[in-house]
Amino acid sequence: MSFVQEGLLDPSTQDGGKVFFDKEIPLEIKPESEEEENEVFLTRVKIILHENESTGQLENVHLELTTDVDLFFFYEASYNEESYNVLKENQRLEITFDQFPELMKEVLEQYASNSDEYFVTFDRKSDDCCSMLFQQRLRFKCVDIFELEFSPASNDYVHDQIQYRFNLARAEVKSARTELSDLYALLKIKNPNVLKQMRPRK
């Protein structure tokens, strides 16, 4: 089943971006208040790349964070080459803008596979200021790789994303029911005895 044919277009890619990374990771989240304890949520990290249509050159890297624990937990960050170069200078990074998405993907993949080498945390400093810290564990200490600033997505965009996720889940249920109905119809013709055994007893 093609969800695109069903009219389910991901708001993340409606402006021409391509999903480069899309995976859930156990993200440790630091709350605003120091009195509250850190929590670990299964958080979906999505990286969307925007490239020049003519040259294929990378123009923008967009990140989104969401979780099913809280549908209104939606943070985003965007970097073009200019803003990345500022980040690169401030944090003394050695990678180029083109290498930036690959490094994030590598760290997130390793972290998602329960690797002890990397660690990722999300700090909710305030309502408008949050950061995501990528770290690497060495033998005797933990070293910061880079830290990215995030901000809450607009209410309209969050609403569009929630509606999209609801429509997608509904379409998946519809698809599963159709497949089950087709299976029953096939068994009714090919092997009705098996079908009788599959039906729940009253």
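The points below go from the chain as a whole to its largest pocket and then to individual residues.

1. The model is predicted, and the comments that follow should be read with that in mind. The secondary structure of the protein chain comes to four helices and seven strands, and, read from the N terminus, these elements follow one another in the order β-β-β-β-α-α-β-β-β-α-α.

2. Of the 202 residues in the protein chain, 36% are buried. Among contacts in the protein chain with a separation of 6 or more, 48% are made by residues 24 or more positions apart.

3. The largest pocket has a volume of about 340 Å³. It is lined by 18 residues, and those closest to its centre are Arg 44, Lys 46, Thr 66, Tyr 164 and Arg 165. By residue class, the lining of this pocket divides into eight charged, six nonpolar and four polar residues.

4. Which elements supply at least two residues each to the lining of the largest pocket? They are the strands β2 (39–51) and β3 (58–67) together with helix α3 (155–190), and α3 gives the most, with six residues. At the level of domains, the lining draws at least three residues from domain 1 (14–153) and at least three from domain 2 (159–193).

5. Ser 131 belongs to strand β6, which spans residues 130–137. Is Ser 131 buried or exposed? Its relative accessible area is 1%, and because the cut-off for a buried residue is under 20%, Ser 131 counts as buried. Its side chain is joined to that of Glu 147 by a polar contact of 2.8 Å. When neighbours within four places in sequence are left aside, the residues in contact with Ser 131 are Thr 121, Phe 122, Asp 123 and Lys 125, along with Glu 147, Leu 148, Glu 149 and Phe 150; Glu 147 is therefore found both in this list and in the polar contact, as the cut-off for contact is 4.5 Å between heavy atoms.

6. At the start of α1, a side-chain oxygen of Asn 80 reaches to within 3.2 Å of the backbone nitrogen of Glu 82. Most residues other than glycine have a negative phi. Arg 92 counts as exposed, because its relative accessibility is 75%.

7. Glu 106 lies in helix α2, which covers residues 100–112. Its relative accessibility of 42% is the reason why Glu 106 counts as partly exposed. Glu 106 and Tyr 118 are twelve residues apart along the chain, and their C-alpha atoms are separated by 9.8 Å.

8. Val 69 is placed in the loop between β3 and β4 (70–80). With a relative accessibility of 56%, Val 69 counts as exposed, because the cut-off for that class is over 50%. The C-alpha atom of Val 69 is separated by 8.6 Å from that of Thr 43, although the two residues are 26 positions apart along the chain.

Technical notes: Residues numbered from 1 in each chain as written. Predicted model: local features only at pLDDT ≥ 70, side-chain atom pairs only at ≥ 80, totals over all residues. Heavy atoms only, no water. Buried < 20%, exposed > 50% of the residue type's maximum accessible area, 1.4 Å probe, protein only. Polar contact = N/O pair within 3.5 Å; in protein donor to acceptor, adjacent residues only side chain to side chain. 1 Å grid on protein atoms, 1.4 Å probe; cavity = no way out; pocket = protein on both sides within 12 Å on 5 of 7 lines; lining within 4 Å. Points joined across faces, edges and corners; volume = space filled by probe spheres on them. Nonpolar A, V, L, I, M, F, W, Y, C, P; charged D, E, K, R; others polar. Domains from an automatic or database assignment.
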